[in-house]
Amino acid sequence: MSDDSDAAVKIHAVILTLNESVHIGRCIESCKELVESITVIDSGSTDTTVEIAEKLGAEVIRHPWINYATQLNFGISTLVGKGGWLMRIDADEVLDPATSHRLSEVVSQADRDCDGILVQRRIYFLGRRMRYGAIEPSWQLRLWRNGRGRCEQRWMDEHVIVSGNVQKSDIVISDINMNSLTWWTAKHNQYASREAIDLLNARFEFLKADKLPVSGASPQARARRFLKEKIYLRTPAGVRVIAYFLYRYLIRLGFLDGRPGFYFHFLQGLWYRGLVDAKVFEIEEFAKQKGISVANAIKDRTGLVVEEN
């Protein structure tokens, strides 16, 4: 095989971090023997995240945080000259050992018109894999040809989109968070603020927002985005939150995930979705009361700064 063809199938991993000392070593260990390089984009960790990553051979680049899409696109831009393929993996995720050995094979056998590869993402919560409640299968575009993909510009629920077609693989990435439930709920409180921005923007259009393309994204992601924007968001706030939880827990058999499943579907499917709607309501009402723009109300109520069009 020529040097050019060798470079074409090499994989470069990119990981975004902020105080991930609990997870980063496990994440890097799961993929370091399977990829050509690992680049960590750190947004100001004050723990030992950077030291652990560098000790394990990763290159660490510090870059201030705006949102996930901006941070990932910065990482993509820094790696564009390396060629090959890029792989996005979160710090609290690992490549599943049962499928990780297939990583280079999947890339080398990709169709010529394929720019992105979908992997299966699994979620573990309170020590148990969440199999039901419309959680699995979850197909995510995590591998793409370098220079052919970018992250759509959104504050939440962002996806990588590519220029060409995508295809499925048997690669599995598992999300196994080792932090406490207190940490988890605090993180989802931040997620709720970010998602509230997207929902408000869908109504007031104060920011540019990308749309998922027909061919260059996960079909599952497109279907879920359609259902969310055309059905879920057009249903009254209180009704949709309760209906969504019941759909997941009863109709889609979330109760089969046991006690951890009840807590997960309740917190992620009811509490979180209700929190998003409450934040949207709060921001809208605050903007009206103070006679200010929605963007300024977002800054006051959440602390997040959005740049208006």
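Tutor: α10 and α11 are oblique to each other, since angles under 35 degrees count as roughly parallel, over 145 as roughly antiparallel, 65 to 115 as roughly perpendicular and the rest as oblique. This is a predicted model, in which local features need pLDDT of at least 70 and side-chain atom pairs pLDDT 80 or more, while totals for chains, interfaces and linings use all residues. Residues are numbered from 1 along each chain as its sequence is written, and side-chain values use heavy atoms, without hydrogens or water.

α10 covers residues 258-290 and packs on α11 at about 120 degrees, with the axes 9 Å apart. Helices here are DSSP runs (H or I, at least four residues), numbered from the N terminus. Axes are lines fitted to C-alpha atoms over the stretch in contact, and angles run from 0 to 180 degrees between N-to-C directions. The crossing of α10 and α11 is right-handed, meaning that the near helix is turned clockwise from the far one by less than a right angle. From α10, the contact (heavy atoms within 4.5 Å) uses E282, I283, F286 and A287; from α11, V294, A297, I298, D300, R301 and T302. Six of these residues are nonpolar, one is polar and three are charged. Ala, Val, Leu, Ile, Met, Phe, Trp, Tyr, Cys and Pro count as nonpolar, Asp, Glu, Lys and Arg as charged, and the others, Gly among them, as polar.

Now the other partner. Helix α7 (residues 181-204) and α11 (residues 294-302) have axes that come within 11 Å and cross at roughly 165 degrees. α7 is therefore roughly antiparallel to α11. Their crossing is right-handed. S193, I197, L200 and F204 of α7 meet V294, I298 and T302 of α11. That contact has five nonpolar, two polar and no charged residues.

Past the helix, V305 sits in the segment after α11. V305 touches W155 and K299, leaving aside residues up to four places away in sequence. From V305 to F125 is 180 residues in sequence and 31 Å in space, C-alpha to C-alpha.

Last, the second largest pocket. Its lining has 21 residues, with R154, D210, K211, R225 and E229 nearest the centre. α7 and α8 (219-230) are the elements that give two or more residues to this lining. α8 supplies the largest share, six residues. By class, the lining has nine nonpolar, one polar and eleven charged residues.

Definitions and conventions:
On a 1 Å grid over the protein atoms alone, a cavity is a set of points where a 1.4 Å probe fits but cannot get out, and a pocket is an open set with protein on both sides within 12 Å along at least five of seven lines; lining residues have an atom within 4 Å of a point.
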